[in-house]
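Welcome! Here is a short tour for anyone meeting this structure for the first time.

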Amino acid sequence: MATNYIYKQKNPDTGEDMDRVGMITIFNDSEMHRVPDGAIEVGEAPVEEDPEGAYFDAWRLQQNGTVKIDLEAAKEIRLKYLKKRRSNLLERIDQLQFRAHCSDDKEEIQKLEKTKNELRDFPDKINWNVIHNLNDVKHILPPCLI
């Protein structure tokens with residue numbers, strides 16, 4: 001049976017603890033030497049609101065040994081995901097817009113340009129003030145990205 005441990009990562013230059021955590025899985029006692037000092041044994045899903053670990057980079061080890069989500073870091077992770085999704089959509093729209101230019105379809109060109117502007121503007125239109133927990137973060141999906 002495997003056992004998971006969470007530990008604070010150390011700055012490679014200074015050796016001081018960082019906010020970010022690392023996780024190591026030990027399959028038998030002969031591997032215990034790999035567990036860093038100060039690591040905390042955790043279950044398979046150490047963060048109740050993030051059981052799949054999608055926001056692992058936002059996990060923070062607390063003084064009491066629990067693991068919590070850094071909401072600001074989770075927001076950054078979600079925004080990065082949304083921007084990647086936007087980039088893929090913009091690539092596809094560029095292809096459609098090229099075809100519209102080739103066929104001199106001015107109406108389609110304008111429609112696509114409007115869509116591209118909506119995609120470019122969406123990060124500024126997210127109301128981060130209404131985001132209070134990880135569940136809220138997970139549900140951010142501007143309509144232009146659908």
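Two strands are said to pair when DSSP finds at least two bridges between them. Keep that in mind while looking at this predicted model, in which β1 and β2 form a hairpin with six residues between them.

**Strands**
- In the turn of that hairpin, glycine 15 has a positive phi of about 80°.
- Strands β1 (residues 3-10) and β2 (residues 17-26) run antiparallel and are joined by seven bridges.
- Across from lysine 8 you will find valine 21 in β2.
- β1 also runs antiparallel to β3 (residues 40-42), with three bridges joining the two.
- Here tyrosine 5 stands opposite glutamate 41 in β3.

**Nonpolar cores**
- The largest nonpolar core has 27 residues, and Ile6, Tyr55, Trp59, Val67, Ile69 and Ala74 touch the most other members.
- Two or more residues of this core come from each of β4 (59-61), β5 (67-69), α1 (71-102), α2 (106-125) and α3 (134-138).
- α1 gives the largest share, seven residues.
- Isoleucine 69, leaving aside neighbours within four places in sequence, is in contact with Val47, Glu49, Asp50, Tyr55, Ala58, Trp59, Ala74 and Leu134.
- There is also a second, separate core of five residues, among them Tyr5, Ile24, Val35 and Ala39.

- Proline 143 sits in the segment after α3.
- Proline 143 counts as exposed because its relative accessibility is 67%, and exposed means over 50%.
- Proline 143 and glutamate 118 are 25 residues apart along the chain, and their C-alpha atoms are separated by 9.6 Å.

Methods:
Residues numbered from 1 in each chain as written. Predicted model: local features only at pLDDT ≥ 70, side-chain atom pairs only at ≥ 80, totals over all residues. Heavy atoms only, no water. Core = buried A, V, L, I, M, F, W, Y, C linked by side-chain atoms within 4.5 Å. Buried < 20%, exposed > 50% of the residue type's maximum accessible area, 1.4 Å probe, protein only. Helix = DSSP H or I, 4+ residues; strand = E, 2+ residues; numbered from the N terminus. Contact = heavy atoms within 4.5 Å.
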